[in-house]
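Student: I would like to go through this protein carefully. Could we settle the terms before reading anything from them?

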Amino acid sequence: MPSYFVEGGHRLSGKVAIGGSKNASLAVLSAAMVLDGPCIVDNLPQISDLETLLEIFQEIGATVERLGPGRVRLDARTISTHEALSENIRQLRGSYYLMGALLSRFNKVALRMPGGCDFGSRPIDLHLKGFQTLGARTDIRHGIVFIEADELTGGGIFLDTVSVGATVNIMLAAVKAKGKTVIDNAAREPHIVDVANFLNAMGADIRGAGTDVIRINGRPYLPGDREYSVIPDQIEAGTYMLLAPLTGGDIEVTGVIPKHMEPLTAKLEEMGVVVEEGDEHIRVYMPEGGRLSATSFRTMPYPGFPTDLQPQTTVVLCMAEGTGRMIENVWENRFQYIDSLRMMGANIIMSGRLAVVQGGAPLTGSHVDARDLRAGAALVMAGLAASGITEVYNVDRIERGYEFFIDKLKRLGARIQRSPAL
Ligand code: EPZ
């Protein structure tokens, strides 16, 4: 159970290079399993979730060749089974993309129900509804999802809830199906656009990604044989941007797409933070004599405020003047870290999906659990703002999704140690 020991009270300043998007990478790598030829994917973040996914690909027979840090060559033609049942599947939510990918490849798939961060139920009913619309029969027995189709044929799907995973999975199942598929009320996240761009580069015909209506003309053969670089991680970038107002520092994130950061940028400016955008970088700092003032947030599907920045932003509200509000509209139980913040002195009142944060209560170091990836990052941030030492344990959950987390923090001036050392 590895831990970070964080000494709070230091301003964080400097430049931090942002890696490739975890959530785009999980989807793009899974999309490569649909292709009829090899491909190279670049700018992959160096995180354990992707290592696990690549291991799963090898377990089912795909050819995986490491070409260097963050760069891999894949060939799905050697996949020898439609079954993915290993223990690895349970390690990460992103393994569910193998439902769409293997269904597309073999017209059938048997996948162990995926795991993932624990903040409420993680249903897959919309994924299954999409597959059924394309002509598949689905069943869940003994924790395994069975999906089979005589033939995949295009259809129209309306997603009752905007779902990133269902949007991607249906795209993967439809991209080689016979005829047209229309996904209505589709998710619009940057990583949805990234998957569509990847598949189009490999020979697919997908239009409208990034809007709420995606149209897919099935193609029988996707030659691949191209190289693709995934987009930068807007959640990693947002996490580091938030460290500037949190510690009174001055931070520049580089290698980003500022447009993807707008949902956060707008709110930081509302709180009195200075945000300077370049073509591929963003600098964030508090103005001389400026005061960080609280405001209200509600998480929504993109381009609303991202739920994956909710815990990190709630910590910043603890340091702001006034009463802040955070409404979590996407996940039913994503406030499990609040008790840990209270143990550090935070003044937060909960009411269902609403957290009311009375800013200004000084935070002090404590012993807290990184229950999931983003909550873990938020508790490290709280430790950086607290007086004294904070131990955050189970930090392997943070390292699933943040590459070189402790190194990047140290380069910004953080006093943080890992035990055991990596
Ligand atoms: C993806 O999860 C991300 N994970 C999550 O990021 C992120 O929080 C989420 O999208 C929302 O942006 C990956 O990309 C691997 P959803 P996903 O389907 O696809 C409901 C992180 O920290 N729903 O968009 O599982 C669901 O209950 C992780 O990087 C159904 O009802 O999320 C939720 O309320 C955490 N039925 C809402 O939709 C379904 O079949 C959004 O879920 C599917 C989802």
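Tutor: Buried means under 20% relative accessible area, exposed over 50%, and partly exposed in between, with a 1.4 Å probe and protein chains only. Helices (H or I, at least four residues) and strands (E, at least two) are DSSP runs numbered from the N terminus. This is a predicted model, in which local features need pLDDT of at least 70, side-chain atom pairs count only at pLDDT 80 or more, and totals for chains, interfaces and linings use all residues. Residues are numbered from 1 along each chain as its sequence is written, and side-chain values use heavy atoms, with hydrogens and water left out.

Student: Which residues are buried in helix 9?

Tutor: Helix 9 covers residues 262-270. Its buried residues are Pro263, Leu264, Thr265, Lys267 and Leu268.

Student: What do the buried residues of helix 9 pack against?

Tutor: Contact here means heavy atoms within 4.5 Å. By that criterion, the buried residues of helix 9 pack against helix 8 (234-247), strand 16 (274-277), strand 17 (281-285) and strand 18 (296-298).

Student: Which glycine just after helix 9 takes a positive phi?

Tutor: The phi is about 95 degrees. The residue that takes it, just after helix 9, is glycine 272.

Student: What is the radius of gyration of the protein?

Tutor: The radius is taken over C-alpha atoms, and the globule rule is 2.2 Å times the number of residues to the power 0.38. For 422 residues a compact globule would therefore come near 22 Å, and the protein agrees with that, having 21 Å.

Student: How many helices and strands does the protein have, and what share of its residues is buried?

Tutor: The secondary structure comprises 14 helices and 24 strands. Of the 422 residues, the buried share is 58%.
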